[in-house]
Amino acid sequence: MSIFSNIKKLSNLFSQIDVSDTIEALGKLDRTELYQIMKIIKSKSKPYQAPEIEGDYYQLARLLTKEEREKQLEVREFMNEHVKPIANEYWNKAQFPMHIIPKMAELNIAGLTYEGYNSPMGSYLLEGFITVEMARVDTSISTFFGVQSGLAMGSIYFCGSEEQKQKWLPPMQRLEKIGAFGLTEPNVGSAVAGGLETTCKREGDKWVLNGQKKWIGNATFADLVIIWARNVEDNEVRGFIVEKDTPGFKAEKQEDKMALRTVQNALITLTDCEVSEENRLQNCDSFRDTSKVLKATRAGVAWQAVGCARGAYELALNYSHTRKQFGKPIGSFQLVQDLLVEMLTDLTAIQSMAFHLSKLQDEGRMTDQQASLAKVACSRHTREIVGKAREIFGGNGILLEHDIARFVADAEAIYTYEGTKEVNSLIVGRDITGISAFV
């Protein structure tokens with residue numbers, strides 16, 4: 001800009017103000033007041049540069065070991081490169097991106113906390129951070145992985161014989177064999193401990209299974225499904241490894257879901273389905289054994305809620321940097337900042353809760369009740385966080401292209417599965433009062 005242009009600008013400015021009055025007013029200011037005015041002028045002249053977006057406000061990841069931190073960031077890179085660009089597409093189509101499974105296998109993270117059987121051997125804490133990295137991009141992918149690594153592999157690890165572990169866990173760890181977990185039924189959800197409708201009956205060296213299972217993730221393409229059934233002879237629960245081509249086994253995809261649409265949930269029908277004694281989980285004699293699996297995975301669902309909440313918060317924070325109204329970023333508005341801080345407060349609280357829960361789990365001190373409390377708190381606060389995030393997006397929040405709508409919908413599924421809020425609350429309530437309120 002030429003000197004003449006600058007002179008013209010100054011002339012226009014002076015024509016709009018009384019220079020002598022301005023100089024007189026400035027002369028009456030003390031040093032502090034002059035400094036504040038200069039600070040305002042300088043800040044107005046600088047272009048806005050948004051701070052780095054970071055949902056881990058208390059830097060909990062800093063407490064991971066160097067190797068754990070590297071693995072966490074490796075999973076983050078995988079999710080950003082292979083999942084984030086296609087997440088909305090597959091969620092909208094209600095299809096699973098099968099092509100990402102070999103890439104996910106290269107991460108070598110399935111069965112992380114198990115001892116032996118090709119397990120890379122890691123902590124529950126690292127597993128929690130890995131779950132967050134997945135869920136903060138796509139909760140459906142973290143659900144797929146949780147079913148495979150936690151529920152399906154965990155059933156064999158905690159309830160299977162040594163021969164069953166040797167046969168199934170290594171290929172499942174490499175994601176060469178995909179598993180599913182069949183516990184919930186059309187008429188039996190929260191009441192599974194009280195009695196399953198799916199039955200099993202021994203006939204010689206085989207078992208005959210009859211009944212239905214519902215909401216079974218991965219089941220439409222799984223190589224094996226863990227089926228839990230009630231033994232008609234003693235009414236105790238037994239577990240079975242049912243391979244996909246077993247006669248009498250049928251898995252039908254459940255359509256028209258509003259949440260976790262990428263997850264392939266199935267309605268399974270078992271009609272005189274014959275399973276060999278060899279495929280019965282040899283160390284499962286009652287529902288107490290099934291509970292060992294659920295206890296180990298419930299903490300993972302708490303972490304999944306944290307990941308979903310973190311993804312929503314970071315999306316909203318980024319949007320507050322880029323979206324402008326009245327000529328400035330909406331992040332400069334007081335009401336928006338208040339919403340963001342409310343979200344961050346809840347997010348930091350549930351992150352810290354899940355973090356300490358996994359520390360207890362690594363020490364072998366975590367109880368069922370502690371896991372239930374984390375599931376209650378994390379899933380409830382996640383619901384609130386994603387709602388506030390959508391609010392920041394305004395009308396754009398209901399458009400899938402902005403991602404946040406997917407997080408709002410998926411939070412509803414997290415709130416309910418792996419034990420509803422109400423059931424987990426009663427588990428904790430019984431523990432702290434000594435009185436069971438279950439009907």
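Me: How many disulfides does the structure hold?

Reply: A disulfide is a pair of cysteine sulfur atoms within 2.5 Å. This predicted model holds 0 disulfides. Before we go on, a word on the ground rules: in this predicted model local features need pLDDT of at least 70, side-chain atom pairs count only at pLDDT 80 or more, and totals for chains, interfaces and linings use all residues. Residues are numbered from 1 along each chain as its sequence is written, and side-chain values use heavy atoms, with hydrogens and water left out.

Me: Is C200 buried or exposed?

Reply: Buried means under 20% relative accessible area, exposed means over 50%, and partly exposed is in between (1.4 Å probe, protein chains only). C200 is buried, because its relative accessible area is 0%. C273 also counts as buried, at 0% relative accessibility. For S425 the value is 27%, so this residue is partly exposed.

Me: Where does S425 lie?

Reply: Helices (H or I, at least four residues) and strands (E, at least two) are DSSP runs, numbered from the N terminus. S425 lies in helix α14, which covers residues 421–433. Along the chain, S425 and A377 are 48 residues apart, while their C-alpha atoms are separated by 9.5 Å.

Me: Which strand does β2 join, and how do the two run?

Reply: Two strands pair if DSSP finds at least two bridges between them. Here 5 bridges join β2 (residues 199–203) to β3 (residues 206–217), and the two run antiparallel. K201 stands opposite V208 in β3. The two strands form a hairpin with 2 residues between them, and G204 in the turn has a positive phi of about 70°. β3 also pairs with β7 (residues 265–276), in the antiparallel sense, over 9 bridges. There, G217 stands opposite N265 in β7.

Me: How many aromatic pairs does the structure hold?

Reply: Rings of Phe, Tyr and Trp (its six-membered ring) pair if their centres lie within 6.5 Å; planes under 30 degrees apart count as stacked, over 60 as edge-to-face and the rest as tilted. The structure holds 14 aromatic pairs. Ring pairs link Y114, Y117, Y157 and F158 into a cluster.

Me: Which ring does the charged end of K93 sit over?

Reply: A charge sits over a ring if NZ of Lys or CZ of Arg is within 6 Å of the ring centre and within 35 degrees of the ring normal. For K93, that ring is Y90, with the charged end 4.4 Å from its centre. R383 lies over the face of Y415, 3.8 Å from the ring centre.
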